[in-house]
Each structure stands twice: as structure tokens, then as C-alpha cells.
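Let's take a walk through this structure together, from the overall fold down to single residues. Keep the sequence and the model side by side as you read.

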Amino acid sequence: MINLYTWPTPNSRKVSILLEEIEVPYKIIPINITKDEQFSKEFTKISPSNKIPALVDTDNNTSIFETGAIMLYLANKYNKLIPENYYWDVMQWYFFQISQVGPFLGQAHQFLHYNAGKSVYAEEKYKDYVKRVYSTLDTRLTSNKYLGIEYSIADIATWPWVARFEIHKTNLENYPNVLKWYRLIAKRPAVIKGYNAVGEKIDIPIV
Ligand SMILES: N[C@@H](CCC(=O)N[C@@H](CS)C(=O)NCC(=O)O)C(=O)O
């Protein structure tokens with residue numbers, strides 16, 4: 001059994017959506033980060049940097065933190081969502097999410113939404129990063145339906161971050177290829193289910 005330690009955040013949704021797409025049974029263990037549960041002694045053994053999500057595979061007693069590693073672990077274990085023919089297309093866009101989309105949009109949330117008005121420099125910097133991320137995605141999606149050509153972990157990793165477009169103050173209509181991709185993926189039953197795997201049920205933001 002896969003145990004997923006999680007809370008409703010973009011990083012956590014990456015993993016619950018992937019598990020739904022793979023169609024593997026999993027158990028949710030909520031870690032309420034608004035109550036600092038990520039710092040408990042027990043959870044620190046699973047996630048040494050005290051971040052959610054984390055995963056324990058009880059079949060082989062494997063424990064993994066960092067979504068980059070978790071998603072590769074699941075895709076490899078079940079041999080799904082890394083299409084062999086497009087391996088490097090998928091990997092490039094997957095690592096673009098891990099190294100740029102998540103970190104830059106995550107910081108943009110801090111400076112443009114949760115702490116707006118605290119730092120003009122940080123706001124300008126992250127507005128610019130957000131635009132660069134979206135322009136890069138939009139250009140890629142001009143002639144490709146999916147980031148890695150076929151639907152893959154690259155899309156699953158990126159989509160929950162784009163779903164926070166309101167928080168990073170982005171009008172998806174300015175990025176028509178991203179919008180088309182966003183709407184297409186939002187309709188997938190596994191995405192709808194995995195989006196609300198933990199916490200209070202909320203609607204997927206629509207445009
Ligand atoms: N690089 C990590 C980032 C995980 C992350 O930032 N998790 C956030 C929620 S999205 C968290 O646990 N925040 C609580 C904290 O930092 O104490 C990953 O991809 O797994």
C-alpha cells in the first residue's frame with residue numbers, strides 16, 4: 001500500500017493526481033501544515049526537510065520525500081506516464097517544473113499574494129519570473145498538445161501550479177496555449193479526483 005502524507009497544496013496535488021492516473025490504491029495521511037504537523041518527530045523521519053508531500057510504500061518499506069523523486073518512483077514502479085518514445089521530452093519539461101515552475105510560482109505566491117506590499121523589489125522580480133515561466137510554457141504548447149508530447153508526469157507536475165493562476169496574478173487568457181492545455185487536463189477524471197484527495201473539497205478554478 002502507498003501511504004501519502006499530504007495537505008491540499010500544489011505540490012501535494014501533483015502526487016495525488018498521479019496516483020489517480022495510475023489507478024493504484026493509496027491511503028491519505030493528512031499532515032496539517034497550518035498547525036505545524038510537518039515538524040512532528042514522526043513525520044521528520046519520513047520527510048527530513050519537514051515538507052509535504054511524502055510517501056511510504058509499505059510493500060517494500062520505502063520512504064520518499066521531494067515530489068521530483070516521489071513522482072519518478074511511482075511512474076517507474078508502475079511503468080506509466082513516462083512514454084518511452086518521448087523520454088527526454090518528458091524529462092526536460094518535468095525538470096523545468098521541478099526547478100522553475102514550482103519554486104518561482106511558489107515565491108510569487110509569497111510576494112504577490114500572501115505578503116503583498118512588503119517588498120517592491122521581490123514583487124517586480126517574481127512578476128517577471130511568472131511571465132517567463134508562462135511564456136516558456138505557452139511557446140512549448142503552441143505546436144504540442146502536452147508538454148512532453150504525450151500526456152505524462154510533466155503535465156501532471158505542472159498543472160496544479162497553473163491551477164493557482166489567481167494567486168500568482170496571471171490571466172490565463174494572455175497565454176492561449178496554456179489555457180487550452182489547462183482546460184483539457186482539468187476535465188480528466190483522475191485530475192478531478194486527485195485535486196481533492198485531502199482537505200475541504202474545493203472547485204478546480206475555471207477560466
Ligand atoms: N521541493 C519540495 C517542496 C515541497 C513544499 O514546498 N511543500 C510545502 C507545501 S506545498 C510545505 O510543506 N510547506 C510547509 C513548510 O515549509 O513548513 C517538493 O517538491 O516536494
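**A guided tour of the fold**

Leucine 81 is buried, with 21 other C-beta atoms within 10 Å. Here a residue is buried if 20 or more other C-beta atoms lie within 10 Å of its own, exposed if 12 or fewer, and partly exposed in between, with C-beta atoms placed from the backbone. You will find leucine 81 in the loop between α3 and α4, and its phi is positive, about 70 degrees, although it is not a glycine. Asparagine 79, however, is exposed, with 9 other C-beta atoms within 10 Å.

Before going further, a word on the model and its numbering. This is a predicted model, in which local features need pLDDT of at least 70 and side-chain atom pairs count only at pLDDT 80 or more, while totals for chains, interfaces and linings use all residues. Residues are numbered from 1 along each chain as its sequence is written.

Now step back to the whole chain. The protein chain has eight helices and four strands, where helices (H or I, at least four residues) and strands (E, at least two) are DSSP runs, numbered from the N terminus. Along the sequence they follow the pattern β-α-β-α-β-β-α-α-α-α-α-α. The radius of gyration is 17 Å, close to the 17 Å that the globule rule gives for 207 residues, so the chain is as compact as a globular protein of that length. That radius is taken over C-alpha atoms, and the globule rule is 2.2 Å times the number of residues to the power 0.38. Buried residues make up 37% of the 207 residues.

How is the chain divided? It has domain 1 (2–81) and domain 2 (84–189), with bounds that come from an automatic or database domain assignment. The centres of domain 1 and domain 2, taken over C-alpha atoms, are separated by 21 Å. Eleven residues from domain 1 and nine residues from domain 2 take part in the contact; two residues are in contact if their C-beta atoms, placed from the backbone, lie within 7 Å. On the side of domain 1 that touches domain 2, α1 gives the most, with seven residues. By class, that side of domain 1 has six nonpolar, two polar and three charged residues. For these classes, Ala, Val, Leu, Ile, Met, Phe, Trp, Tyr, Cys and Pro count as nonpolar, Asp, Glu, Lys and Arg as charged, and the others, Gly among them, as polar.

The interior tells a related story. In soluble globular proteins, nonpolar side chains tend to be buried together. Of the 54 residues in the largest nonpolar core here, Leu18, Met71, Ile153 and Val178 touch the most other members. Such a core is a set of buried Ala, Val, Leu, Ile, Met, Phe, Trp, Tyr and Cys residues joined through C-beta atoms within 7 Å. Helix α4 (residues 87–114) gives the most to this core, with eight residues. Domain 1 and domain 2 both give residues to the core, so it lies between them. Leaving out residues up to four places away in sequence, methionine 71 touches Lys14, Val15, Leu18, Ile153 and Ala157.

Finally, visit the ligand. Thr9, Pro10, Asn11, Ile33, Gln38, Asn50, Lys51, Ile52, Glu66, Thr67, Gly68 and Gly102 surround it, a residue being near if its C-beta atom, placed from the backbone, lies within 6 Å. The elements that give two or more residues to this shell are α1 (10–22) and α3 (67–78). By class, the shell has three nonpolar, seven polar and two charged residues.

Proline 10 is found in helix α1 and is buried, with 21 other C-beta atoms within 10 Å. Lysine 51 sits in the loop between α2 (41–46) and β3 (54–57) and counts as partly exposed, with 17 C-beta neighbours inside 10 Å. Proline 53 is also found in the loop between α2 and β3, and the peptide bond to it from isoleucine 52 is cis, with omega near 0 degrees.
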